[in-house]
Amino acid sequence: MGNILILYASSTGNTELMADAIEKYLRKIDYQVIIKTFDYDPIDVHDLLKYDGLLIGTYTWDDGELPYEVEDFYEELEDVDLTGKSVGVFGSGDSFYDTFGGAIDLLADRLQKCGADLLDERLKVDLTPKSEDIKRCELFTQKLIDRIE
């Protein structure tokens, strides 16, 4: 099976719960999974090319903004050609704000400009993932797997 990178930022733990559900699903179907967080792991955008697929998660800060820990990565993406790389973007947001999950859209748009083969769905969960959201994470992940295979 292929190797997948799950890269995420989580402030309150909601996006981390989504990443955990995605990891669990991938391991269940015998995929090699590498998990990195924007907070603690060094991220070189050129290393993204080493993986068969990428699942990148972020929470949305304030009214649709990228969290500070994702900003450098976002800028550095301009330096890498991701043409044909299968990528899915996910994360949590708060529907209280006018721009729900805006950081997810910003990141997805940038990845698409870099040539990534982006999943059509940008998986957004309102605050803490519920059981139906976990199921959505699994279906989302399967769509990426289908693209890779």
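In this predicted model, helix 1 (residues 14-28) packs against helix 4 (residues 131-148) at an angle of about 55 degrees, and their axes lie 9 Å apart. Helices here are DSSP runs of H or I with at least four residues, numbered from the N terminus; axes are lines fitted to C-alpha atoms over the stretch in contact, with angles from 0 to 180 degrees between N-to-C directions. Helix 1 and helix 4 are therefore oblique to each other, given that angles under 35 degrees count as roughly parallel, over 145 as roughly antiparallel, 65 to 115 as roughly perpendicular and the rest as oblique. The crossing of this pair is right-handed, the near helix being turned clockwise from the far one by less than a right angle. On the helix 1 side, the contact (heavy atoms within 4.5 Å) involves Leu17, Met18, Ala21, Ile22, Tyr25 and Leu26, which meet Ile134, Cys137, Glu138, Thr141, Gln142 and Ile145 of helix 4. These residues divide into nine nonpolar, two polar and one charged; Ala, Val, Leu, Ile, Met, Phe, Trp, Tyr, Cys and Pro count as nonpolar, Asp, Glu, Lys and Arg as charged, and the others, Gly among them, as polar.

Turning to the other pair, helix 2 (residues 68-76) and helix 3 (residues 102-113) pack at about 20 degrees, with axes 10 Å apart. That angle makes helix 2 roughly parallel to helix 3. Their crossing is left-handed. Phe73, Tyr74 and Glu75 of helix 2 touch Leu106, Leu107 and Arg110 of helix 3, a contact with four nonpolar, no polar and two charged residues.

On a 1 Å grid over the protein atoms alone, a cavity is a set of points where a 1.4 Å probe fits but cannot get out, and a pocket is an open set with protein on both sides within 12 Å along at least five of seven lines; lining residues have an atom within 4 Å of a point. Points are joined across faces, edges and corners, and a volume is the space filled by probe spheres set on them. The largest pocket has a volume of about 240 Å³. Its lining includes Ser11, Asn14, Trp61, Asp94 and Leu127, and divides into four nonpolar, six polar and two charged residues. One cavity of 30 Å³ or more is present; the largest cavity holds about 50 Å³.

Residues are numbered from 1 along each chain as its sequence is written. Local features need pLDDT of at least 70 and side-chain atom pairs count only at pLDDT 80 or more, while totals for chains, interfaces and linings use all residues, and side-chain values use heavy atoms, with hydrogens and water left out.

Key:
Helix = DSSP H or I, 4+ residues; strand = E, 2+ residues; numbered from the N terminus.
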